Amino acid sequence: MKNTLSQADITRLAKQVEAAQINAELITKLTEEFPEMTMADGYSIQLALRQRRLAREGVRSVGWKAGLTSKAKMLQMGVYEPSVGFLTSDMARPENSEIRTDTLCHPRVECEVAFVLKQALEGPDLSIDDVLAATGFVLPAVEIIDSRYANFKFDLPSVLADNSSSALFVAGGRARRPSDIDLRTLGVVLEKNGEIMGMGASAAVLGHPAAAVARVVKILHSLGESLPEGSFVMSGAITEAIPVVAGDHVSARFQELGSVSMRFV
Ligand code: OOG
Ligand code: MG
C-alpha cells in the first residue's frame, strides 16, 4: 500500500474527522481535497485518530471491527473491499439501554457476530480454524454506524479515515463456545419497532464470520498491528444497515446466541 499524504496532512485530517465525530457534524469526503488519496492514506488517518482517542482520559482499546464483509453491505454502500475500524471502551453501550441520537449524525444499526479471543492472533494468512482455536466465545452484537459524510456516501479511502463509520456497539445475548455451534449457519433477524427489517445467515459474511476475523488480522498485519488476547472483534454486518431515529426500538435475534436490544432516544 502506498501513502501519498504528508504526516502534517494526516494529522490535520485526523483532527478534522475527530471534530466531526465529537460534534456530530457532517464533512465533505476527504478525497475531494485529496483525490489521489489511497487506502494506505485512509488507514494512516484512522490510526492517527485511534492514537488521539486512546490518549483521552479513561479510554482503552477493546478490539477491532470488520466492515463491508457481506454482499448486502457492499451493494448498499457501493464499496467492495472489506475494511477494519477500531473499537474503544467509550464506544460500548449496555444491552437494553437508551442510546442518544443527538450525538450522532444519521445512525444505522447492523447485526454482527462478535468474537472474544482467548489467544492473540497475528499474521497475514490465518485460516478459519486458526481463528476458531483462538476464540474463547462468540456473542451477538449490534453495531451503530454513523458516517460523518453527507448522505452516508463515501469512497474507500474516505470511509477508512472515518474509522469505517463506527460509532457505538452493544454486545449481549448468550456467550457460546465456537466448538458448540455451527458459526456458519446462524440465522439472524433484525427488528425495528417489532417489524422485521432484515434477515440473513452468518455465512453471508465472507462465507464464515471467522474468515472476516482472519481478514481483520491480515489488514492489521499490513498496518503493523495485531489482536492481543482478550480482543473483542465484530465480524461485519450480515444484512443491510437499517436507519434509526429517536423513539425506535431495535432487537437483533440470533439463532443459538439470543438477542440484543436497545432503544434510541
Ligand atoms: C462502513 C462500515 C461497514 C459493516 O459491518 O459492514 C460495517 C459503512 O457501511 O458505513 O461496519
Ligand atoms: Mg459493522
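Here is a short chat about the cavity and the nonpolar cores of a predicted model.

Tutor: Residues are numbered from 1 along each chain as its sequence is written. In this predicted model, local features need pLDDT of at least 70, and side-chain atom pairs count only at pLDDT 80 or more.

Student: What makes a space in here a cavity?

Tutor: On a 1 Å grid over the protein atoms alone, a cavity is a set of points where a 1.4 Å probe fits but cannot get out. The structure holds one of 30 Å³ or more. The largest cavity has about 130 Å³ of space, a volume being the space filled by probe spheres set on the points.

Student: Which residues are closest to the centre of the largest cavity?

Tutor: Lys65, Leu68, Lys73, Glu110 and Ser164, out of 18 lining residues. Lining residues have an atom within 4 Å of a point. Strand S1 (61–67) gives the most to the lining, three residues; strands (E, at least two residues) and helices (H or I, at least four) are DSSP runs, numbered from the N terminus.

Student: Why is the other feature called a nonpolar core?

Tutor: Because a nonpolar core is a set of buried Ala, Val, Leu, Ile, Met, Phe, Trp, Tyr and Cys residues joined through side-chain atoms within 4.5 Å, where buried means under 20% relative accessible area (1.4 Å probe, protein chains only). The largest one has 73 residues, and Val109 and Phe115 are among those touching the most other members. Helix H7 (residues 209–222) gives the most to this core, with eight residues.

Student: What makes up the second core?

Tutor: That separate core has ten residues, including Met91, Ala141, Phe169 and Phe232.

Notes. Chains are lettered from A and ligands numbered from 1 in the order in which they are written. Side-chain values use heavy atoms; hydrogens and water are left out. On a 1 Å grid over the protein atoms alone, a cavity is a set of points where a 1.4 Å probe fits but cannot get out, and a pocket is an open set with protein on both sides within 12 Å along at least five of seven lines; lining residues have an atom within 4 Å of a point. Buried means under 20% relative accessible area, exposed over 50%, partly exposed in between (1.4 Å probe, protein chains only).
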